[in-house]
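Here is my note on the structure, as requested. Please read it with the coordinates open.

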Amino acid sequence: MNRHLVRTLDPPSRTRRRLVAATLAATLVATLTGLAAGPAQGADPLLSQGRPVTASSTQSAAFPASAAVDGDPGTRWSSAAADPQWLSVDLGAAATVSQVVLTWEAAYATAYQVQVSADGATWTTLRAVTGGDGGVDTLAVAGTGRYVRVATTARGTAYGVSLWEFQVYGTSTATGCDTTGNAALNRPATASSTENAALPASAAVDGNPGTRWSSAAADPQWLRVDLGVERAVCRVDLTWEAAYATAYQIQLSADGATWTTVHATTTGAGGSQQLTVTGTGRYLRVLGTARATAYGYSLWELAVRTAGTTPPTTPPPSGGDVLLSYSKPAVASSYQDDGACWQCSPARAFDLDPASRWATSPTTGWVDPGWIYVDLGATATVHRVVLQWDPAYATAYQIQTSTDATTWTTIYRTTTNPGFRQDLTVSGTGRYVRMYGTARSNGYGYSLWEFQVYGTGGAPTAPPARPADPTFPATTLVFADEFDGPSGTRPDATKWTVDPGTGQNNESQYYTDNANAAMNGAGQLVMEARRENAGGRAYTSHRMNTGTKFQVQYGRIEARIKVPKGNGLWPAFWMMGGDFLTGRPWPYNGEIDIMEILGRDTYRSYTTLHAPAYNGGGGYGQERVWTVDLSADFHVYAVEWDSRGMRFLVDGTQVFYASKETVETTRGPWVFDHPFYLILNLAVGGDWPGPPDATTPFPARMLVDYVRVYK
C-alpha cells in the first residue's frame with residue numbers, strides 16, 4: 001500500500017470527535033443509561049410500532065403518547081411530573097410477548113412494571129424493575145395479551161417520565177382486518193399542494209388530531225402516503241376538517257404511478273369516515289375532485305388499516321418504472337468549481353453518487369431563478385422525481401418537462417419545500433426534465449446531491465448493480481481472523497495492513513511498524529500502547545486496516561474486544577469507505593464507528609456515522625452508558641448493515657439503529673451503500689480523550705479475540 005495513503009487512514013473525522021458527547025444530546029437523544037441486558041430477541045417481530053397508544057398524562061401536545069411508538073428516536077412521550085404514570089399500547093390482537101425495550105429520556109423511572117392485559121382493564125405484571133437508572137432497558141418477558149403497559153411508580157428526577165421509544169416484540173395472532181393499527185402513521189407523505197408551511201402533508205399522518213394538511217383552493221388535489229412495503233388494505237379512515245371533499249377517490253398503487261381506485265364517492269359529507277375497501281399496494285392516495293367549500297381540501301388525519309399479517313421485508317416490484325436519469329447529459333444555469341465545491345457540475349446530480357453534488361456558481365449563480373435539467377435521451381413518461389437537497393435548497397421550485405429544452409411545462413410546484421429528501425409523484429411527458437428554483441433557502445445558491453427521474457420510455461442507462469441485502473442473522477462467514485497464532489506472532493499480512501505514523505486530532509502516539517502488536521498465544525491479538533519515544537512522540541501504539549486486503553458492503557461485522565482503562569486512552573473499531581484509498585476525501589467516503597471508548601470513562605461506548613452533511617461533533621450516532629465497566633471483560637461490538645440502515649449492537653443488545661430513510665429526510669445524503677474496510681487502533685491522547693497522566697497504566701493493552709464478517 002502507498003505509504004502516504006496508509007498514514008492518512010486516521011482521518012479528520014476524529015479531529016472534532018471530542019464534541020460528540022456534547023452534541024449527541026442535541027442532535028439525536030439524551031444520554032442513555034442502560035440496565036444490563038441480554039441478547040435481543042431478533043427472531044420475534046416488532047409489534048408495537050404505529051399501534052394505538054394511550055397514556056396517563058402528557059407534559060404537552062409536543063410530547064404525545066404516540067411519539068413513543070413511531071419508530072423515530074428523536075421524538076418522545078413525556079408525562080406530567082407526578083407518580084404514578086403509565087403508557088399502554090394496543091397490539092390489535094392477542095400476542096405472545098417475548099421482549100420489551102424501553103429507551104428512556106433523561107427523565108426516567110427508577111421503579112416500574114411491564115404488564116399485559118387481554119382487555120386493557122385487568123393487568124398482569126410480567127416484569128418489575130426497581131433501581132432503574134434510565135438509558136435503554138432491554139427486558140426479556142413471557143406473557144400473552146392484546147395490551148402491553150409500562151406502569152411507573154417512582155421517578156428518577158423532579159420531572160415526569162419520558163420515553164423516546166417503547167418497543168414490544170413477540171408473535172401476534174392477528175387475523176382479518178386490523179382496525180386499530182395504522183399503517184400510515186408517520187410514513188412519508190406528499191401532496192399535490194399545501195396551503196402554507198404550517199399545514200404540510202405529514203400532518204395528516206402524524207397521529208396528532210390537532211394538526212392537519214390543507215391544500216391550495218383548486219381542483220383536483222391529492223394526498224399520498226408511502227406505506228413502505230406492499231400492504232393489503234381493508235379500511236381507510238378519514239377525519240376531515242371543515243374544508244372537505246364532496247367527490248373523491250381512494251386509490252392504491254404498487255409504484256406510485258399507476259393507480260387503482262378502491263373507493264369513489266360524489267356525495268361526501270365530511271366529518272369522520274370509515275371506509276371499507278379491498279386492495280393491495282405500497283402507496284395510498286386520497287384524490288379530491290370536488291370541494292365542499294371555496295377553500296382547499298383539509299384532513300386532520302388519514303389512517304390506513306391493513307390485514308393482520310406481517311408485511312414483506314422487501315419493496316414490491318416497480319411496476320415498469322425505471323430510473324431514467326442515471327448518467328445522462330445535464331445542463332444548469334451555472335455551476336461551482338472551486339475549493340469550497342470542487343467540480344460541482346450538473347452531471348454530479350445524476351451520477352447516483354450521494355457524496356457528489358451540483359451547486360450554482362458563487363460568482364454568477366447565487367440568484368433567483370436557478371435551474372438544472374437532464375436530457376433523458378428520448379421522450380419519456382415521468383412518474384416520479386427524487387431530490388436530495390444540500391442545505392442550499394429551494395424553498396420554491398417547479399418540476400418541468402420539455403420536448404426541446406426550450407418550452408417547458410410545469411408538472412409540480414411548491415413554495416414550501418423544507419429541504420432534505422423530497423420524493424415526488426408527478427405526471428408528465430418530455431425528453432427533458434428540469435428543476436426550476438425561484439426562491440432560495442438562504443444567502444447561498446441552489447445545490448442538489450441527487451436528482452433522480454423515474455418513469456417509462458427515454459433511453460435509460462442501467463445503473464451499477466448493488467449486492468442483495470443479507471438476511472439476519474447472517475451465517476455465511478466471508479472474513480475472519482481468530483488471532484490463534486503462537487505467542488509473538490505478528491498480525492496476518494494477508495489480512496491486515498499495518499498503518500504506521502502519527503495520528504490526527506493532536507494525538508500523542510506514534511503508530512509503529514508492527515512493533516506494538518502480537519498474538520499472546522491464548523487466542524488474542526494484543527495491541528499495546530507504551531510510554532516510549534518514537535517518531536517525535538512520547539508514546540507508541542498500533543493501528544491496522546484491511547484496506548487493500550478485504551472490503552465489504554452489507555452484512556454483520558463484529559469484533560470481540562477487551563479495552564484498556566486509563567486517562568488518555570482511545571480504543572476504536574471502525575470502518576472507512578474504500579474510495580478513501582483512491583482519493584476521495586473524508587467525510588465524502590463515509591465513516592462507520594462501530595465502537596469508540598474513552599479510557600477515562602469505560603462505562604460509556606460511542607457509535608457514530610460521519611458523512612458530508614453530518615460529521616465530527618455533528619456526527620449521527622449514540623452514546624450509551626452501561627452499569628458494567630467495559631474494560632473488565634471482553635464484549636462483542638457489532639453492526640448489522642443492509643441497504644435500509646445499520647443496527648449497532650453490544651453483546652447482542654441494540655444500542656442504536658440508523659435508518660437510511662430517516663437520515664435522508666432529516667440529516668442529508670446516506671453515503672454508505674458501497675464497500676468499506678475495517679480498522680482497529682488504540683490511540684493515546686488527542687482532542688477528545690485528553691492527555692494521559694501519571695495514573696494512566698503503561699503499557700496499556702487492547703485485546704482482540706476475533707474479527708468476523710458474515711453475509
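Predicted model: local features only at pLDDT ≥ 70, side-chain atom pairs only at ≥ 80, totals over all residues.

1. Side-chain atom pairs were counted only at pLDDT 80 or more.

2. Sheet. Look at the open sheet of 3 strands. Its order is β27-β28-β31. The pairing is mixed. β27 (501-502) and β31 (539-541) are the edge strands. Each of these edge strands pairs on one side only.

3. Strand pair. How do β27 and β28 run? They are antiparallel.

4. Aromatic pairs. The count is 22 aromatic pairs. Take Phe648 and Phe656: their ring centres lie 6.0 Å apart. Their planes meet at 20°, so this pair is stacked; the cut-off for stacking is under 30 degrees.

5. Burial of that pair. Are Phe648 and Phe656 buried or exposed? Phe648 has 0% relative accessibility, so it counts as buried. Phe656 is also buried, at a relative accessible area of 4%. The limit for buried is under 20%.

6. Ring cluster. Which residues do ring pairs link into a cluster? They are Tyr554, Trp641, Trp670, Phe672 and Phe676.

7. Charges over rings. Arg624 has its charged end over the ring of Trp626, at 3.9 Å from the ring's centre. Arg434 lies over the face of Trp371. Here the distance from the ring centre is 5.8 Å, and the cut-off is within 6 Å.

Methods: Residues numbered from 1 in each chain as written. Heavy atoms only, no water. Pairing = 2+ DSSP bridges. Helix = DSSP H or I, 4+ residues; strand = E, 2+ residues; numbered from the N terminus. Phe/Tyr/Trp six-rings, centres within 6.5 Å; stacked < 30°, edge-to-face > 60°. Buried < 20%, exposed > 50% of the residue type's maximum accessible area, 1.4 Å probe, protein only. Lys NZ or Arg CZ within 6 Å of the ring centre and 35° of its normal.
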